Amino acid sequence: MALGTTLGRVVAAKREGARRPLVTRAALKGLALRIVPPLVVLAVFLLVWEVLCQRPGAGLPPPSRVVTEAWEIIAHPFYDNGGTDKGLFWHITASLQRVALGFALAVVAGVLLGTLVGQSEWAMRGLDPIFQVLRTIPPLAWLPLSLAAFRDGQPSAIFVIFITSIWPIIINTAVGIRNIPQDYRNVAAVLRLNAFEFFAKVMLPSAAPYIFTGLRIGVGLSWLAIVAAEMLIGGVGIGFFIWDAWNSSHISEIIVALVYVGVIGFVLDRLVAGLGHLVTRGTATA
């Protein structure tokens, strides 16, 4: 009898699951509320842009002309004719490689220095004023100094990315370390954790939401810095592509490249935010 009752419940549950729709109306409504408003705003923006730039003497081409004039680079992003004559895919890839290396170095150095400043009162008093002064220096102001030091454009661009993105990582890490609850420190003392164990098991998990806030700011600044730096150092990169298009008076190609830059920057921010949400189990702002 009990077996029959159990089997009946299982069958009923399966039938209920089969009747339940895979996508609910509430889920569709929520998706529409997230997608429709940006699409409406984008459509209105493109319409206004088209109307304003169709007039004689307009300085910028309308969207319809942008697509027509830049269709070659839109449709063929993978071509490679050697040298700097490459498709947008290769320019963006070169820029992302520089960003990845410079940002990775900034993450390691920024978290370590931020931990030192947050944990040590003496280090905070000694280093924090210096950091506050250095972080106000514009990214491109570091480029001549890096070119003089490295005598090559590639490491100079990586250094500009590093020096631009490290400051928000240091500051946010230090704030996170200083905000570790005293109870956590007391438990670590009772368990007699060594310095490495305290860093790995207490500091990093507690400060992770702050660290990932700094990482999101840092990766955005990295992408801004590399585009500007590549305009000056030349070579393959999205910044050089934009500057070369300007010198050739290809305004439509510049607009297309700017769209790519904005989309890539948004994707980088979402990737870091998603990683932070995963690592901190939802405590970091996504």
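1. Val66 sits in helix α3, where helices are DSSP runs of H or I with at least four residues, numbered from the N terminus. Val66 counts as buried, since its relative accessibility is 7% (buried means under 20% relative accessible area, exposed over 50%, partly exposed in between, with a 1.4 Å probe and protein chains only). Apart from neighbours within four places in sequence, Val66 is in contact with Trp49, Pro61, Ser252, Ile255 and Val256; contact means heavy atoms within 4.5 Å. Val66 and Gln54 are 12 residues apart in sequence, and their C-alpha atoms are 12 Å apart in space.

2. A word on the model. This is a predicted model, in which local features need pLDDT of at least 70 and side-chain atom pairs count only at pLDDT 80 or more, while totals for chains, interfaces and linings use all residues. Residues are numbered from 1 along each chain as its sequence is written, and side-chain values use heavy atoms, with hydrogens and water left out. The protein chain averages a pLDDT of 85, and 90% of the residues score at least 70 (pLDDT is the predictor's confidence in each residue, from 0 to 100). Confidence is lowest in helix α1 (residues 2–19), with a mean of 53, and highest in helix α5 (residues 88–119), with 93.

3. Val66 also lines the largest pocket, together with Leu42, Phe45, Leu46, Trp49, Pro63, Val67, Ile74, Ile255, Val256 and Val259. The elements giving two or more residues to this lining are α2, α3 (63–69) and α12; α2 gives the most, with 4 residues. The volume of the largest pocket is about 270 Å³. On a 1 Å grid over the protein atoms alone, a pocket is an open set of points where a 1.4 Å probe fits, with protein on both sides within 12 Å along at least five of seven lines; lining residues have an atom within 4 Å of a point. Grid points are joined across faces, edges and corners, and the volume is the space filled by probe spheres set on the points.

4. Which residues touch the most other members of the largest nonpolar core? They are Leu215, Trp223, Ile226, Ile238 and Ile242, out of 48 residues in this core. At least two core residues come from each of α2 (25–53), α5, α8 (153–178), α10 (195–233), α11 (238–247) and α12 (251–279). The largest share, 11 residues, is from α10. A nonpolar core is a set of buried Ala, Val, Leu, Ile, Met, Phe, Trp, Tyr and Cys residues joined through side-chain atoms within 4.5 Å. Leu215, leaving aside neighbours within four places in sequence, is in contact with Phe103, Val107, Ile169 and Val272.

5. Arg192 lies in the loop between α9 (182–190) and α10 and counts as exposed, at 75% relative accessibility. Ser249 lies in the loop between α11 and α12 and is likewise exposed, at 57%.

6. Gln132 belongs to helix α6 (residues 121–134). Gln132 is partly exposed because its relative accessible area is 28%. Gln132 and Ile171 are 39 residues apart in sequence, but 9.1 Å apart in space, C-alpha to C-alpha.

7. The unreviewed UniProt entry places "domain: ABC transmembrane type-1" at residues 92–272; UniProt positions follow the numbering used here, feature names are shortened, and annotations may be inferred rather than shown by experiment. In the model, this span is 86% helix and 0% strand, with its end C-alpha atoms 18 Å apart. The entry's "transmembrane region" annotation covers several spans, including 31–52 and 156–177. Residues 31–52 are 100% helix, with end C-alpha atoms 32 Å apart. Residues 156–177 are 100% helix, with end C-alpha atoms 31 Å apart.
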